[in-house]
There are 2 protein chains.
Amino acid sequence: MAKTDKRLRVHFSPDNIDITVREGEGLLKAAMAAGVHINAACGGNGVCGTCKVLIKKGQVESTRTEKISEEEYEQGFRLACQSRVLTDLVVDIPVESRLETAVLSRETGMVAGGVEPAEAIATGWSFNPPLNKCYIELPLPTLKDNISDLSRLLRGLKRRCNISNVSVDFEVVRKLPQVLRKKDWQVTTTTLVKAVKTKADRRKPTMINIEPGNTSQKYYSLVFDIGTTTICGQLLDLNRGKVIAEGMAYNGQIGYGADVITRIAYSQTPGGLKKLQQAVVSTVNQVIDELFAQSQSSVEYVGHMIIAGNTTMTDILLGLDPKYIRLAPYTPAASFIPPVKANSLGIRVGKHVYLFVFPSVASYVGGDIVSGIVGVGVHQRKKLTLYMDIGTNGEIVVGNSDWMVTTACSAGPAFEGGGIKHGMIAATGAIEDFEISPSSLEPEVHTIGGTKPRGICGSGLINIIAGLLEARVIGQNGKFNTDLTTKRIRRGRDGYEYVLSWAHETQTGRDIVITEVDIDNLIRAKAAMYAGCQTLTKSVGVSCFNLEQVIIAGAFGSHIDIEKSITIGLLPDIPRDRFIFVGNGSLTGARLTSFSTDLLDDARKVAAMMTNLELSERADFMNNYVAALFLPHTHAGEFPNVTERLAELPDSKSGRGLNT
Amino acid sequence: MAKTDKRLRVHFSPDNIDITVREGEGLLKAAMAAGVHINAACGGNGVCGTCKVLIKKGQVESTRTEKISEEEYEQGFRLACQSRVLTDLVVDIPVESRLETAVLSRETGMVAGGVEPAEAIATGWSFNPPLNKCYIELPLPTLKDNISDLSRLLRGLKRRCNISNVSVDFEVVRKLPQVLRKKDWQVTTTTLVKAVKTKADRRKPTMINIEPGNTSQKYYSLVFDIGTTTICGQLLDLNRGKVIAEGMAYNGQIGYGADVITRIAYSQTPGGLKKLQQAVVSTVNQVIDELFAQSQSSVEYVGHMIIAGNTTMTDILLGLDPKYIRLAPYTPAASFIPPVKANSLGIRVGKHVYLFVFPSVASYVGGDIVSGIVGVGVHQRKKLTLYMDIGTNGEIVVGNSDWMVTTACSAGPAFEGGGIKHGMIAATGAIEDFEISPSSLEPEVHTIGGTKPRGICGSGLINIIAGLLEARVIGQNGKFNTDLTTKRIRRGRDGYEYVLSWAHETQTGRDIVITEVDIDNLIRAKAAMYAGCQTLTKSVGVSCFNLEQVIIAGAFGSHIDIEKSITIGLLPDIPRDRFIFVGNGSLTGARLTSFSTDLLDDARKVAAMMTNLELSERADFMNNYVAALFLPHTHAGEFPNVTERLAELPDSKSGRGLNT
């Protein structure tokens, strides 16, 4: 039905939020507008089923989908994205459909207080932020010395701070006469190295601001990692080189889809790009508010912003049309983004603040990866390094200070709980660890927050599958051993499944299971990542065994178990001490470049030196992928230690070996 | 009275314009808002009396001033600036209070078609505009070559046009993906040399625009001279190096005052600066419309704007507070204005167009003078040159390619007809030439447009005073020879006066006279100019007699008679063939710099090399000034030829010599 002008009330529980909507309004859209967080992985297309809600009172007009069972439909469950409001409503958002912010810090893997593993951080940089403040006491003008205000200021800047050859933003000139005279010709200038250094360029500072009096102790920068799911920010004191505050929030675009492809699709609808941009800007502003709520500082003293994100996220933030990112041959608009005023995008900082966006390499290897590489200093060392960020879009870099190759693997959403029957993002109640008794085949599950389980997150999925494999409940092909006698293994709607928790043990009141389809989805995801690594290393004539260092970055990566990830064939079977977790490497890079202009220069060099490989162009990728569709791999030689350990494990109680 | 909400109608004749105003609204303000041009030299303060109007029907509340005689008051004359509307009105604007545009081209002294005197124009420059267009056919992206759109474009720009190391405006990136694909990867880029070359800097182009297809033949620039009274513009074809169209209009700020000091005063009233800025921007837009009405081209292909003006005019255009220009020690906000988007000021050109403002030297030696110096090539020649722009604020430059000194003399408004009983700007009906019979002492007057006279313009005033001096009607002290027997000399309200035209011969129906006060005002004006020249030349150890070239620029200068100007002691008494008129030198400079990046670089160098002298700081200036308060000068040796000629002239019919 079309929207009418009739106004209706919708009450959301358990949030106790009331909103007024027009008759016929979509329920998901209305909830999002009111700030009620509902999962909507597919962007409201009725495909993923994550936005399931319970209509407790009132009526909606709703398209029937297979994501709602007969029984659920009877109970009043509907997909929010497929429902239009017909009457006043009371809507309950079940736990599994909720986005919670309480466990965000676990989700993002942000390392607090800037303490990263010492072996994986850029070294040798000096503290020289691209932003500089200089306090100057100017001589008063006289008839014998009545040069222009600006000439006087530049003369003072040279004498006092030895800064010359300065460009000046027009807005500085506009307020110059007043500011100079406000505190008796005592002023503080803010200069910024706007352009990074290229071969042909010297660093030329731009004066972006001037303040009356001495404010030289107060200058801050904001650094952000703009993720598809979460947005993390830090407020940095550039005077003391410290992190003052950090904060994070779910990307406000989540309601428009879980992954970048869904977001790009939405951006192509009328007004879609604008809405997505507003959503992310609004989240950034929310994090900024949070950062300043934590600190004594004032946003007016922020002089610079550095942002790292995947190409789609930064494009949308900048209002660039991401259309061609998802169309072959996948060309992004620009790898190097010219300086842009943050304020012009709607970000609530001073008018003088420029946004530096980390340069990207390709449509699917973005500035977040470049930032991570710079942050951990891959470009500074001879060590052959594999840097990976595991996720729906997995990015891989191989190289060292001399060369780097990179690629992106489309792994699918399994690592983030997508396409998994009871999958969910890593939030309270998600099963994140799992043990199984080899004899009874009874499981023990551990959830985030220690609550009753309500689903399985990606890292939990790896642990469950590794556990089931080692207990021989599933075979190396990912299929259930149906000869085993346990009621945990049963035939469900989607084929065989294993019951992790019985209905009475869960928050949802329904059994939580893992199905053969789920296992298959995860195998395909890990096969894509591993085949990507293999293809990339082989393209430069090395093998995974040559890697001297494997750096695992990103929210998801921070929470995986190395041993179990190797067991299922996600990570290469090399000495465990070569693996390093760096959490949010992207934010680390953004922070360090905010402290060091040298590293900011490096960002441009690193982006330019990285060679992007399109896996779809490589004939060997598909072979590698198919070979990896096994636990851990069809070629036992690729995983010698895992193969040996699996062979040594006792058979399960059925007595039947599974290696056959 | 305060304004009320009651609406009243005002009809203006002879324009036949009707406007609606609120009861109590000021009449001048209402007329200006409706586009009815009324003279208001003092900016509406009731001091100058130029906004005299006749209330034919209806009532106004009006402050009585001495500018309206008893008789005029009875007839219904009022000062528009002092009147508030009480009822519906019919208002007649008398000829002497009108601004007319018909004779603008005489007024501005713009040399049509770019034909300047060959001996006074910059030479040796090559045609290389700061704006460059480049048509590129890019190879289509493939999976093997899927670099970003921007990288592809920059690669093409380097290969095709050998332009590298380019900065890119963010707005170009924003539209890049669409524009590239619109005409099958065939595009035309526009690059601009935004910053001029300084010692430390190479020229670094900025890409400011991209258009689909081949538009490389279409690129234009706009150049403007922003004068206090008139605004002149030219549309240039940068592909062929030609002037396509030219236009001019009265500066819309005229209603706020005739001179920069009155305008600055107005800018300090609430909202004043904004109104002045809107007025000048509106005039610029009006001239742009006129330029495009004359040409086949479209404003979208304008890629650059260059503007020259005095410091107050450019500051107001840019929205910079001119407050400190009129307060000692007269510091302007900036001599070098950073590039600014023309569109952001309200100028109706494409969003990509930058405004280059000619650098200035001091508060009273602006970019128009620098532009003139560059345009005529003073900085290119060894010849000792005096460059002068005569006006209310007279600017003088002395120097050559090695050095330049400059100063500004406050001459007062006499040259523009201000402070002269029947003074007016150079418009139709202004007496511009004058002859007098030595025997009968009867005058012959010539007016602009050959109509009946209605006043005296500045150049007419010089000619009248020179004529009266040579006929010995006035003495060298400027006083009337009252011994002469002619009814033309009589005692008026303001002392002795000479009747130039009787009431029945004039448009105004009143006698047009020149008074001793008028003559005194002109003597003070010319004395200030001459003393300025003298002080400036002496400051560098030369005298006026050493000058090898005198360049007279500006609207007023173009119409003066050299011989008569020397006779009254305005110009130095040196060989007449050393004088050159260049008309609007400022516009010439703007045009040439639009054709040549070398000259644009020169602009910065010239502004930096000019040493400004504050006359108020020079003890000798006041001595020189007092010595010059005589016709032509108290020191006969300063004007040897004039002195000799005056001595040889026969006495007037009175038979009494005036040299005694």
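Predicted model: local features only at pLDDT ≥ 70, side-chain atom pairs only at ≥ 80, totals over all residues.
Local features are given only at pLDDT of at least 70 and side-chain atom pairs only at pLDDT 80 or more, while totals for chains, interfaces and linings use all residues, and side-chain values rest on heavy atoms, without hydrogens and water. Residues are numbered from 1 along each chain as its sequence is written, and chains are lettered from A in the order in which they are written.

**Figure 1. The interface of chain A and chain B.**
On chain A, 47 residues are in contact with 47 residues of chain B, where contact means heavy atoms within 4.5 Å. Between them the two chains bury about 3700 Å², and 59% of this area is on carbon and sulfur atoms. Buried area is the accessible area (1.4 Å probe) that two parts lose on being put together, summed over both. There are 21 residue pairs in polar contact between chain A and chain B, both residues being at pLDDT 80 or more. A polar contact is a pair of N or O atoms within 3.5 Å; within protein, one atom must be able to donate a hydrogen and the other to accept it, and residues adjacent in sequence count only if both atoms are side-chain atoms. Two elements of chain A, helix H4 (149–161) and helix H5 (170–182), each give two or more residues to the side that touches chain B. The largest share, seven residues, comes from H5(A). Helices (H or I, at least four residues) and strands (E, at least two) are DSSP runs, numbered from the N terminus. Sorted by class, this side of chain A has 24 nonpolar, twelve polar and eleven charged residues. Here Ala, Val, Leu, Ile, Met, Phe, Trp, Tyr, Cys and Pro count as nonpolar, Asp, Glu, Lys and Arg as charged, and the others, Gly among them, as polar.

**Figure 2. How the two copies are related.**

**Figure 3. Salt bridges between and within chains.**
Two salt bridges cross the interface of chain A and chain B. A salt bridge is a side-chain nitrogen of Lys or Arg within 4 Å of a carboxyl oxygen of Asp or Glu. Glu617(A) forms one with Lys144(B), with the closest N and O atoms 3.0 Å apart. Over all chains, the whole structure has 50 salt bridges. One of them joins the side chains of Asp289(A) and Arg348(A), at 3.0 Å from N to O. Asp289(A) lies in helix H7 (residues 272–294) and Arg348(A) in the loop between strand S16 (340–341) and strand S17 (354–357), so this pair ties together parts of chain A that are 59 residues apart in sequence.

**Figure 4. A three-stranded sheet in chain A.**
The open sheet has the strand order S22-S21-S23, with mixed pairing. Two strands pair if DSSP finds at least two bridges between them. Strand S22 (443–447) and strand S23 (455–456) are the edge strands, each pairing on one side only. Strand S21 (residues 430–436) and S22(A) pair in the antiparallel sense over five bridges. Phe434(A) has Val445(A) in S22(A) as its bridge partner.

**Figure 5. A hairpin in chain B.**
Strand S24 (residues 489–492) and strand S25 (residues 495–501) of chain B form an antiparallel pair over four bridges. Two residues lie between S24(B) and S25(B) in this hairpin. Arg491(B) stands opposite Tyr496(B) in S25(B).
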